[in-house]
Amino acid sequence: MSFTIAVVGPAQASPDEAAAAQQVGHHLAAAGHTVLTGGLGGVMQAASRGAAIADGTVVAILPGMHRSQANPFVTVAIPTGLGEMRNALIVRSADAVISIGGSWGTLSEVALAVRTGVPVVMLRGWDLPEGPVVATTAREAVELAVALAQQ
């Protein structure tokens, strides 16, 4: 069974966050899952790159009005013109969310997912009191997200 797994994280990612995101994207695509992102840079681009290397499908829900804003590894770009409000569309379109690193936009996606019952796996994120399941490696994050999506 394949799932749509959102990979969220900062547009200005650290090298470690980008490396983890690329691994997550690759593992997801290699297992036949669709990678869903916000379509821009940083964690989003790294996860997209990893999925593209594995010949996977990457769907991007963009904040702006133009498909040209998507990173070059996106398969399907959906411009919304909604700005940060597109975060809700990302979360609600996913069977599970993998959050890598942290930024205010990422925190909003994690909060929306927890609030709406979409499972969240957090890799290199915050210490939150409840909600997300914590992973320590890219492979573990993918395994947990897929297991949670199946429930």
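The side chain of Ser48 makes a polar contact with the side chain of Asn71, at 3.4 Å. A polar contact here is a pair of N or O atoms within 3.5 Å; within protein, one must be able to donate a hydrogen and the other to accept it, and residues adjacent in sequence count only if both atoms are side-chain atoms. The model is predicted: local features need pLDDT of at least 70, side-chain atom pairs count only at pLDDT 80 or more, and totals for chains, interfaces and linings use all residues. Residues are numbered from 1 along each chain as its sequence is written, and side-chain values use heavy atoms, with hydrogens and water left out.

Ser48 lies in helix α2. Its relative accessibility is 0%, so Ser48 counts as buried. Buried means under 20% relative accessible area, exposed over 50%, and partly exposed in between (1.4 Å probe, protein chains only). Leaving aside neighbours within four places in sequence, Ser48 is in contact (heavy atoms within 4.5 Å) with Thr37, Val58, Asn71, Phe73 and Val74.

Helices (H or I, at least four residues) and strands (E, at least two) are DSSP runs, numbered from the N terminus. The chain has five helices and seven strands, in the order β-α-β-α-β-β-α-β-α-β-β-α along the sequence.

Helix α1 covers residues 15-30 and reaches 22 Å from its first C-alpha to its last, close to the 22 Å expected at 1.5 Å a residue; the expected span is 1.5 Å times one less than the number of residues. Glu17, Ala20, Ala21, Val24, Gly25, Leu28 and Ala29 are its buried residues. Seen down the axis of α1, they fall within an arc of 160°, so they line one face of the helix. The arc is that of the directions from the helix axis to the C-beta atoms. On the other side of α1, Pro15, Asp16 and Ala30 are exposed. After α1 comes Gly32, with a positive phi near 90°.

The buried residues of α1 pack against these elements:

| Element | Residues |
|---|---|
| β1 | 4-8 |
| β2 | 34-37 |
| α2 | 43-53 |
| β5 | 96-100 |
| β6 | 120-123 |
| α5 | 138-150 |

Buried residues make up 46% of the 151 residues in the chain. Among contacts between residues at least 6 apart in sequence, 55% join residues at least 24 apart. The C-alpha atoms fill a box of roughly 35 × 30 × 30 Å, taken along the principal axes.
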